[in-house]
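Thanks for sending this one over.

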Amino acid sequence: MQVLFNELSLTGQFTDLDTFLKKELLLFVGVLKEIQKFSTLLLKKEDVWEKMITPTRNLHSVLVNNTYRTTDEVRRLKLALVELTKEPFCESERKQKTDSTYLFDGVDILGSSLAEACERDKVVVSFVSSSTSLDPLNIIRNGKVVPLLNLTHSGKFTERLWATNQISFELYLKARFSSGKLDFSKVDEKLGFVGIQKDDQSLFLDTFRKFEELTWDQIRSDNGLDYKEYQGIVSSRYQGIKTYKFRASQKIRCHGFRDRNTFIVIGF
């Protein structure tokens, strides 16, 4: 899948750089980090670096400025862009039609990344405080509405890939629950996802979402989850580690161990 950097979401709308760095850029980098987890290309226009952040500073000036380029936010942006933008700019192989019209708010935006997205996978990433930060972002192409998925917050991209059957259940779980109360990154291959039937996936997801929303006291007392210490040995790899289990479905139990506030899933 290809995602396009929406350069029209930078119009010099920020009053100061500190607000941009601490709020807007953090959200934007969070989206880029999510995209990195998948085989995804980020395409951008060549002039994106010249787009204005404040009325007097453009994006390029922030990336090279000695005061700002060493901040965590800017460093993360640079790393994510290097990892994602291995392909040429979208100008090198345009798919938008020069004899077509692409209207946003009544203005023809032919030549923009939004017009290009209409002819590709219809996904863009944008900064939030912009007139083009709506989701869906509706473009009128030759009189017909083309809705673009607008990635302004992390989580949206993972959900789109899952809803359109572009990622496996395993990959979805690892991405969807990577920074909360559940962690699926260490699932043992022998105890892994092969035993989970497709018809049971929605039930598993309901259970995992519930687990994420409850406090640990609620988890321990919930009759449906039946969270308790496991008396056997799940795997020799984890011998000596106190493990627990909870009910993922009527037949399947989810095993793992707790690391601070996170339940590290070993298998099923």
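1. Leaving out residues up to four places away in sequence, Phe208 touches Leu173, Phe177, Leu182, Phe184, Phe246, Ala248, Cys254 and Phe268. Please keep in mind as you look around that this is a predicted model.

2. Now for the setting of that residue. Phe208 and Phe263 have the most contacts inside the largest nonpolar core, which has 58 residues. Helix H1 (residues 17-36) provides the largest share of this core, with 9 residues. Apart from it lies another core of 14 residues, including Tyr102, Phe104, Leu137 and Leu148. As a general background, nonpolar side chains in soluble globular proteins tend to be buried together.

3. Next, the sheet. It is open and mixed in its pairing, with 7 strands in the order S2-S1-S5-S7-S6-S3-S4. Strand S2 (41-43) and strand S4 (107-108) are at the edges and have a single partner strand each, so one side of each has no neighbour in the sheet. Strand S1 (residues 2-5) runs parallel to S2, and 3 bridges join the two. If you want a spot to check by eye, Val3 stands opposite Leu42 in S2.

4. Two helices that pack on the sheet deserve a look. H1 touches S1, S2, strand S5 (123-125) and strand S7 (144-151), and its direction makes about 135° with that of S5. Helix H5 (residues 156-163) touches S1, S5 and S7, and its direction makes about 125° with that of S7.

5. Is Leu137 buried or exposed? Its relative accessibility is 0%, so Leu137 counts as buried. This residue lies in strand S6 (residues 137-141). Setting aside neighbours within four places in sequence, Leu137 is in contact with Asn6, Phe104, Leu114, Val124, Thr132, Val146, Pro147, Leu148 and Asn150.

6. Finally, the largest pocket, which holds about 250 Å³ of space. It is lined by 14 residues, and the closest to its centre are Lys37, Ser154, Ala175, Ser178 and Ser179. Which helix gives the most to the lining of the largest pocket? That is H1, with 3 residues. H1, H5 and helix H6 (169-176) each supply at least two residues of this lining.

Key
Residues numbered from 1 in each chain as written. Predicted model: local features only at pLDDT ≥ 70, side-chain atom pairs only at ≥ 80, totals over all residues. Heavy atoms only, no water. Core = buried A, V, L, I, M, F, W, Y, C linked by side-chain atoms within 4.5 Å. Buried < 20%, exposed > 50% of the residue type's maximum accessible area, 1.4 Å probe, protein only. Helix = DSSP H or I, 4+ residues; strand = E, 2+ residues; numbered from the N terminus. Contact = heavy atoms within 4.5 Å. Pairing = 2+ DSSP bridges. Axes fitted to C-alpha atoms, helices over the stretch in contact; angles between N-to-C directions. 1 Å grid on protein atoms, 1.4 Å probe; cavity = no way out; pocket = protein on both sides within 12 Å on 5 of 7 lines; lining within 4 Å. Points joined across faces, edges and corners; volume = space filled by probe spheres on them.
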